[in-house]
Amino acid sequence: MLTKKPKTKILVDGGDPQETLRVKRTIGFVDGQTTNPGLIAKNPEIQQRIASGRSLSAQEEKDEYKTIVQAISPLVGDAGVSIEVFADIGTTAEEMLTQGEEMFSWIPNAYIKYPCTREGLRAAEMSVPRQIRVNITLCFSQDQAAAVYAATKGSKEPVYVSPFIGRLDDHGEDGIEVIKNIKKMYRNGDGHVHILAASIRHVDHLLASFAAGVELTTVPAKVLVEWAAKAFPMPDQDFSYKAVSVSGEPLRAIPYKELDLNLPWQSFDIAHELTNAGIQKFVADYRSTLRRSA
Ligand code: E4P
């Protein structure tokens, strides 16, 4: 078990309460959890229902998601459980907000995940005065993180922004550089947005996230078990991160941009092909697993 808790909060990236419990036993604590539609579809009980030939109605899917997060909720610490709205490219902010309001009532420690799109940010902007805690997911750029900051100004609760490291790496760009750039940019802000490093693929990503000083990181159980098996290494002052892809190719560096966090969120260039691809992937994974038609 881990003897000294890292400064960065550790969340489990998954959709199975039993797995969360196993991680908790292995490392001694779990600060929080992130879920997404794809991860929920992989939940063993849902998989069993599917294997028995039963497809789920939209209401049953929602009920299952609720049951799963209600089981996870008491297992985790103060970083809460992130629940993602079902959104495709055409979902409006109002539709996301309606879902977000309902999901927020499921558990006392919910964070609602909205995608980092115009509609997702509008939903987040409307959520803040309603005191709905938010986590803006599928973030791939410093501009998007600036827009998250500007759209959620005034939030009494910490807002999470989730940059996806692994998917940037898959795209040939250095995901760790993006979180470092966002961290540097937020030094000029009021601290209301916390960086939640996501899409962690291996222990080096985890260590580099610690070294970058992010407030939170969400990690698949497999990577946490690997970290435990290595006796919980932590980055020291000699730690250096090797920016290479899983196949060993060097990753492109992403330069820092000077951005003014006081500008309106609509003024930032939030378009990113990986955000759209991510929305489509969540919808496709979920529908194909649960055998729903579009
Ligand atoms: C967390 O909120 C994300 O949904 C997750 O980290 C995505 O990871 P992936 O890129 O491995 O799917």
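Helices α7 and α9 are oblique to each other, because their axes cross at roughly 40°. (Angles under 35 degrees count as roughly parallel, over 145 as roughly antiparallel, 65 to 115 as roughly perpendicular, and the rest as oblique.) This is a predicted model: local features need pLDDT of at least 70 and side-chain atom pairs 80 or more, while totals for chains, interfaces and linings use all residues. Residues are numbered from 1 along each chain as its sequence is written, and side-chain values use heavy atoms, leaving out hydrogens and water.

**Helix packing**

- Two packed helices are described by the angle between their axes and the distance between the axes.
- Helix α7 covers residues 142-151, and helix α9 covers residues 175-186.
- The axes of α7 and α9 come within 9 Å.
- The α7 and α9 crossing is right-handed (the near helix is turned clockwise from the far one by less than a right angle).
- Helix α9 also packs with helix α10, residues 203-212.
- Their angle is about 15°, so α9 and α10 are roughly parallel to each other.
- The axes of α9 and α10 lie 10 Å apart.
- The crossing of α9 and α10 is right-handed too.

**Around the ligand**

- The residues around the ligand (a heavy atom within 4 Å) include D13, T34, N36, F164, A198, S199, T218 and F282.
- K113, R167 and R201 also belong to this shell.
- By class, the shell has three nonpolar, four polar and four charged residues.

**Polar contacts and burial**

- K113 places a polar side-chain atom 2.7 Å from an oxygen atom of the ligand (a polar contact pairs N or O atoms within 3.5 Å).
- R167 has a polar side-chain atom 2.7 Å from a ligand oxygen.
- For R201, the distance from a polar side-chain atom to a ligand oxygen is 2.9 Å.
- Taken alone, the ligand exposes 340 Å² (by the Shrake-Rupley method with a 1.4 Å probe).
- The protein buries 86% of that area.

Notes: Polar contact = N/O pair within 3.5 Å; in protein donor to acceptor, adjacent residues only side chain to side chain. Nonpolar A, V, L, I, M, F, W, Y, C, P; charged D, E, K, R; others polar. Axes fitted to C-alpha atoms, helices over the stretch in contact; angles between N-to-C directions. Helix = DSSP H or I, 4+ residues; strand = E, 2+ residues; numbered from the N terminus.
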